[in-house]
Amino acid sequence: MFNCYIWLVEVINASGEITRGEIDRRWSASVLNEENEGSLPERTFHRWRVAAEELFGVNIACNRSKGTYFIENGGDNMALKGLHSWLFNALSVNSMIMESRDKDVQQSIFFEEIPAGQKYLTIIIKSLRDKRKLEIVHHSFGKEPNTYHVHPYCLKVFKQRWYMLGYVEEKKDIRIFALDRIEDLRQIEEVYIVPSSVDPKKYFDNIYGVGLSQKKPERICVKINADQVDYFLSLPLHRSQKLIKRTPEYSVLEFNLVPNFEFKQVLASYLSQVEVLSPKKLRNEFKNEVQKMLNIYSNNRK
């Protein structure tokens, strides 16, 4: 139903103000109208309106004197923030592609595949809204499935995967779950309260990716070859990233974060284009890994 909610918001927002009759006309011509309905039923319209308001944080208002609907704070300045903004923008593109009747357009836009797990987004978002607990069956790689009762705190996307952060009753701790490793998920009747001391965003402030850590952030300096540094500057790895030196041959970037597995992995992906300068412990870790690789590639294998 996400695409239908997006469709409704887009139609109203693009029009500025629009009558129910015009919405009906647009719906009758939409490719999402698989039942070939001549109009959008009134109950369906209001059900979608309420769902869109809750999911995307917009207010679809009615001008009764004119008989029109409009989005407050609409247009280019639509008041969408955080998750609302990400969901709306991402799904909006998908909706536009679906609405396009030009097959060349549909076949000329490619998305990275995201593993299974998206099917749970609606339930998790409703749980975040209603503060209702979730019962999940989680299956980590190389382990047996486990059932947990979770108080969801937030959703996060990282490297083509959706993740859910939440308090796990069985662990008495906050954990993060990749949605593609969840085999079953359902909302239960019990409600939960998010402690006032909990700010989900702070769990990611000092890390790159989703590898949660209780360690203190460190000052990390990295030397980047000149032909690669602009990639780092145009899309910073972390909010703490700073350019502290730039020459025609190289640049030095500074980070203040926990050097977790994901951060080390992304630096290693640049091979000889990146050099860790400090701290010494992290530099030695990379030195040891480089030596292991050298040993592997020194073997004369056919």
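Two strands pair if DSSP finds at least two bridges between them, and the strands themselves are DSSP runs (E, at least two residues), just as helices are runs of H or I with at least four residues, all numbered from the N terminus. What you see above is a predicted model, in which local features need pLDDT of at least 70, side-chain atom pairs count only at pLDDT 80 or more, and totals for chains, interfaces and linings use all residues. Residues are numbered from 1 along each chain as its sequence is written, and side-chain values use heavy atoms, with hydrogens and water left out.

Let me start with a hairpin, which E10 and E11 form with three residues between them. Strand E10, residues 242–246, pairs with strand E11, residues 250–257, in the antiparallel sense over four bridges, and in this pairing Lys245 stands opposite Val252 of E11.

Which strand does E12 pair with, and over how many bridges? Its partner is strand E9, residues 218–225, which runs antiparallel to E12 and is joined to E12 by four bridges; Cys221 has Ser278 in E12 as its bridge partner.
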